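Please look over the sequence and the model below.

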Amino acid sequence: MQNDLPPGAGPSMVNDNFGDVYGILFTISGQGYTYEELREYVKFLRKELLLVHNVAKVQPWGLQTEVIYIDMSHMRMAELGISPGLIVQTLAAQNQMAAAGKVLSGGQRLAIRPTGDFTDVEDIENLQIRDPSSDNIIYIKDVATVTRGYLDPPRSLMHYDAAPALALGVSVVPGGNVVELGEAIRAKLTELEKFRPIGMEFGIVNFQPRDVTQAVNGFAINFVESLVIVIVVLLVFMGMRSGLLIGMVLVLTVLGTMIVMNGFSINLQRVSLGALGHRVGHVGGQRDRDLRGHAGACHGRPGQDEGRPGRGEPEPDAAARRHHHCGAGLRGHWGARKTTRANTAAPCFMSS
């Protein structure tokens, strides 16, 4: 497909990492430091952080593309009779990967690797140009100024607190614990503190382990508060035995759900916490039906105004009759009807 593109387009780039999520993103900045010094320190940090457990990728952000600028002097080129196309053609013929041949020596085949690669600006300045018309040889530095710099305009720039900065994004391995990753990253940065140049500072842009910890702790606090409120209300209006029993059913349901989640390797994150909260709400509605069923069953005990309809009947019959009235919305769910019937009848048997 690359051959079908118009001149100047490409090369094609395949990005198969667009789904990566970098939960930890921090910046490195320093007043008085050059961009090259910041980049060298970022490369050092990246190499060290890749060794941390549960780290999948460490991606630098804000890096600029380094380029070589060749500013030609048209006046000087006109004096020497050199055309800009000749300079471009000479530069294009350099640093090309091409086979230089092989030599057989004593039964061994030795590959030939020619030298002449550009390693610094001086190598480009000393590149020789031969004029085909006059056969004169000149150097590029005679007709142009060679400088090292960065692509202008830049493709990406990053500032933190109005100061130029670079950033590192850290992603967790699939199935890894982001909270443990955050602790490991903090410990590693503390260990590398002695290598940090004086004046370079870290800035936190995003730290997902802190957000996850707050979400989990918030859910735990809300769950405990709701559980205490439910149990207190049950104890006040239903008595000690009935309140504790139905309250424990709620606790065991949530704990059983968490055990199943652990068995299927479902971690506590925002989606699973939302599903668990939804389950708690569903169990709360189930307990509401249990309360109404329990009230009807207990009010139907023998000896309580047996002259009125439904009074004086045995406890199991009273529970079943009350469930039939309160559980009309659960007709299609046989298991839910059986669970509600057992939950409403059990407190009466325990308090008999």
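Val232 is partly exposed, because its relative accessible area of 44% falls between the cut-offs of under 20% for buried and over 50% for exposed. The model is a predicted one. In it, Val232 lies in helix α7, which covers residues 208-238. Val232 also belongs to a nonpolar patch on the surface, together with Val224, Val228, Ile229, Val233, Val236 and Phe237. The accessible area of these patch residues together is about 680 Å².

Another valine, Val52, has a relative accessible area of 10%, so Val52 counts as buried, the cut-off being under 20%. Val52 is placed in a loop, with α1 (35-49) on one side and β2 (55-61) on the other. Which distance in space goes with the 136 residues that lie between Val52 and Lys188 in sequence, C-alpha to C-alpha? The two are 7.5 Å apart in space.

How many cavities of 30 Å³ or more does the model have? The count comes to one, and the volume of the largest cavity is about 30 Å³. Its lining is made up of Leu63, Gln64 and Thr65, along with Leu151, Pro154, Arg155 and Ser156. Sorted by class, the lining has three nonpolar residues, three polar residues and one charged residue.

Technical notes: Residues numbered from 1 in each chain as written. Predicted model: local features only at pLDDT ≥ 70, side-chain atom pairs only at ≥ 80, totals over all residues. Heavy atoms only, no water. 1 Å grid on protein atoms, 1.4 Å probe; cavity = no way out; pocket = protein on both sides within 12 Å on 5 of 7 lines; lining within 4 Å. Points joined across faces, edges and corners; volume = space filled by probe spheres on them. Nonpolar A, V, L, I, M, F, W, Y, C, P; charged D, E, K, R; others polar. Patch = residues over 30% accessible without salt bridge, like charges linked within 9 Å, V, L, I, M, F, W, Y side chains within 5 Å. Areas by Shrake-Rupley, 256 points an atom, 1.4 Å probe, with all protein chains shown as cover. Salt bridge = Lys/Arg side-chain N within 4 Å of Asp/Glu carboxyl O. Helix = DSSP H or I, 4+ residues; strand = E, 2+ residues; numbered from the N terminus. Buried < 20%, exposed > 50% of the residue type's maximum accessible area, 1.4 Å probe, protein only.
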